[in-house]
Amino acid sequence: MSQPPAAAGDPAPATMRAVVVTRPGGLDALQIQDVPVPVRKPGWVRIRVKAFGVNESEVTTRKGESGAEVTYPRIPGIEGVGLVDDADEDSGLRPGQQVATTMGGMGRLYDGAYAQYVTVPATQVIPFRTTPPWDVVGALPEMFQTAYGSLTTGLELMPGQTLLIRGGTSTVGLSAATLAKDLGATVLSTTRSRERAGELRAAGIDHPLVDNGTIADQVRELMPDGVDAVLELVGCSVLADTFRTVRRHGTVCFTGALAGQWTIPDFSPFLIPGGVRLTSYGGQAADLPADVFAHQLQAITEGRLKVPVAKVHHGLEQVRDAQADVESGTTPGKHVVVLGD
């Protein structure tokens, strides 16, 4: 049996519990094992994991569909929050400090956060101080980083502008909506299910839209000149229709492909309407500055930002259930796993 996690400042144990994908496959490919605690390399930080979100990316890795760069066995997990266990003296990080981490190849190129400890480059560590509990903070890093990066780096969204989110009931879509509303934007957001339009309105979205594959006419009825910006999360299969929703000199940011189509066969640049801008976003933790994350955490504490948590799972033993829930897609919001002491 692995030893319990060390208290902050104490030496880490030799072994830890982790969820390991032993081979590509179904849920039974997720195995809880005792493995060595990762050794920290110079320039890296070892984190004692307190919680992590469960994402489609990890389901893809478990199925063996992530690409040749992912090898097995692998500990998945592209994000996590916890306490600094060990770091370089000149890193500015101290043992016991609250930190978040996300992306940067974790859970794919090297072992991720489905474990009691994880090591990551210091450049992708976001320090914070917070009052929300771990089950709330654990939902945030990947979806807030992706949403915030899309709205800023991708779209440069400004107060008073109009934003369309295509794929609005996804975790990134819901997060982007809360951030955009906090900024002062008017938000239109889509769902494929008429029954879920009420969920979007409850999340504070101004104009929920039911997406049957074409939404341009609906958008133009509300915004005759078109919206200022679009966050595209559905993918290339609807991109031509999405272009029709945007005003001249507006911008579409391609961030996700929930429908599974990432490319357009025989793509022609003339697919893009004249004067409409197309960009993309696929950034890293550094795109979510610590002061911005702190502002978001404060907004959550004050009730101005809503965290779309679908369900909280307790312990590594519930990772299979969490991934099954993510695959089913029946509950909007983020699935979070919290680790006990």
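**Local geometry, packing and aromatic contacts**

His 249 counts as partly exposed, since its relative accessibility is 43%, a value that lies between the limits of 20% for buried and 50% for exposed residues. The model described here is predicted. His 249 belongs to strand S12, which spans residues 246-254. Although His 249 is not a glycine, it has a positive phi of about 70°. Most residues other than glycine have a negative phi, and most peptide bonds are trans. A positive phi, of about 50°, is also found at Glu 156, again not a glycine. Glu 156 lies in the loop that runs between helix H3 (141-154) and strand S8 (162-166), and with a relative accessible area of 58% it is exposed. The peptide bond between Tyr 72 and Pro 73 is cis, with omega at about 0°. Pro 73 is placed in the loop between helix H1 and strand S4 (79-87).

Helix H9 comprises residues 319-328, and its buried residues are Val 319, Ala 322, Gln 323 and Val 326. Viewed down the axis of H9, these buried residues fall within an arc of 95°, and they therefore line one face of the helix. An α-helix has 3.6 residues a turn, so residues three or four places apart point the same way. The buried residues of H9 pack against several strands, namely S1 (15-21), S2 (30-36), S3 (44-54), S14 (309-314) and S15 (334-338), and against helix H1 (56-63). Just after H9, Gly 329 adopts a positive phi of about 65°.

Gly 329 is also one of the residues touched by Arg 196; the others, leaving aside residues up to four places away in sequence, are Thr 169, Thr 191, Thr 331 and Pro 332. Arg 196 is situated in the loop between strand S9 (186-191) and helix H5 (197-202). Its relative accessible area is 17%, so Arg 196 is buried. Strand S9 pairs with strand S10 (residues 207-210) in the parallel sense, over 4 bridges. Within this pairing, Leu 188 stands opposite His 207 of S10. The chain passes from S9 through H5 to S10, forming a β-α-β crossover that is right-handed.

The structure contains 5 aromatic pairs. In one of them, the ring centres of Phe 128 and Trp 134 are 6.4 Å apart and the ring planes meet at 75°, so the pair is edge-to-face; the angle required for this class is over 60 degrees. Phe 128 is buried, with a relative accessible area of 6%, whereas Trp 134, at 22% relative accessibility, counts as partly exposed. Phe 128 also forms an edge-to-face pair with Phe 293, with 5.6 Å from centre to centre and 90° between the planes. This pair links distant parts of the chain, 165 residues apart: Phe 128 lies in the loop between strand S7 (125-127) and helix H2 (134-137), and Phe 293 in helix H8 (residues 290-301). Phe 128 and Phe 293 are both buried. Together, Phe 128, Trp 134 and Phe 293 make up one aromatic cluster.

The number of disulfides in the structure is 0. Cys 236 takes part in no disulfide, and the nearest cysteine sulfur, belonging to Cys 253, is 13 Å away, whereas a disulfide would require the two sulfur atoms to be within 2.5 Å. Cys 253 is likewise in no disulfide. Cys 236 is buried, with a relative accessible area of 12%, and Cys 253 is buried with a value of 0%.

Methods: Residues numbered from 1 in each chain as written. Predicted model: local features only at pLDDT ≥ 70, side-chain atom pairs only at ≥ 80, totals over all residues. Heavy atoms only, no water. Helix = DSSP H or I, 4+ residues; strand = E, 2+ residues; numbered from the N terminus. Buried < 20%, exposed > 50% of the residue type's maximum accessible area, 1.4 Å probe, protein only. Contact = heavy atoms within 4.5 Å. Arc of directions from axis to C-beta. Pairing = 2+ DSSP bridges. Right-handed = clockwise from strand over helix to strand, strands pointing away. Phe/Tyr/Trp six-rings, centres within 6.5 Å; stacked < 30°, edge-to-face > 60°.
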